[in-house]
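Have a look at this one when you get a minute.

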Amino acid sequence: MRQKLAAGNWKMNGTADALSELNELTQGYPEAAVDILICSPATLIDRASEAAAGSAVAIGGQDCHAKVNGAHTGDISAEMLRDAGASYVIIGHSERRDDHGETSEMIAAKATAAYDAGLIAVVCCGEHLNTREDGKTLDHIGTQIAESLPDTANADTTVIAYEPVWAIGTGLTPTLEQIAEVHDFIRAELVNRFGEETGNGIRLLYGGSVKPANAAEIFATSNVDGALVGGASLKAADFSAIIDALVAA
């Protein structure tokens, strides 16, 4: 049985004042029936991990470098994230792919670095609107999954988040049938590559304008094991409603 996961991605939002929202969240979930994750800006990871200590909330980073150390000004290694208190890291978010030109091969290298540091990698995939309209979504997702996941990926170290790029922060969401189609496809691809046990054990999250109002129906969809939530994770009340919907699913 796959453990459900509600993951929040704060993106480039939040200074010290935002920790009040995290404190409210941790007070509401000293323990939980699902896994809860907040991926804060790197500047807050150390303080966030202290604030979340003793609660059901884990802290993660939003990216890492593929190298352990070196002359990479401005970058953060997986080891540094772990040292600061992170236990997860998001890899290959569409905003990294688009804004920073990250390739799937680069993302696979980062995932390996995350594994080596003892972090769980949340590997993202998703299509742009033109790919969806051209009927090439599954081909695109299949290629991303094949190239972004190292051969060493397993259910203990890897989570996959499907986020249609055209739905991120737009208020638009695919139909439930479209979400199920992609999640079922990813599951089949994982089983085909890694075998029944690993392929069926890796958790699949949906992301892209997940809100309290639509969370329950998304979580009832085939092969959706949770969500990667953007804007709605910035406020404890909103994110708590999504977590509760996941618990009830």
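Below are my notes, point by point.

1. Before anything else, keep in mind that this is a predicted model.

2. I'd begin with strand 5, residues 120-125. Six of its six residues are buried, so the strand is largely enclosed by the rest of the structure. Look at the side chains too: Ile120, Val122 and Cys124 point one way, Ala121, Val123 and Cys125 point the other way, and all are buried.

3. Now for the neighbours of strand 5. Strand 4 (residues 88-91) runs parallel to strand 5, and four bridges join them. Within that pairing, Val89 has Ala121 as its bridge partner. Strand 6 also pairs with strand 5 in the parallel sense, this time over five bridges.

4. How many aromatic pairs does the count give? It comes to one. The pair is Tyr162 with Tyr206: the ring centres are 6.1 Å apart and the planes are at 55°, so the pair counts as tilted. Because Tyr162 is in strand 6 (residues 158-162) and Tyr206 in strand 7 (residues 203-207), the pair ties together parts that are 44 residues apart in sequence.

5. Are these two tyrosines buried or exposed? Tyr162 has 1% relative accessibility and so counts as buried. Tyr206, at 0%, counts as buried as well.

Definitions and conventions
Residues numbered from 1 in each chain as written. Predicted model: local features only at pLDDT ≥ 70, side-chain atom pairs only at ≥ 80, totals over all residues. Heavy atoms only, no water. Phe/Tyr/Trp six-rings, centres within 6.5 Å; stacked < 30°, edge-to-face > 60°. Helix = DSSP H or I, 4+ residues; strand = E, 2+ residues; numbered from the N terminus. Buried < 20%, exposed > 50% of the residue type's maximum accessible area, 1.4 Å probe, protein only. Pairing = 2+ DSSP bridges.
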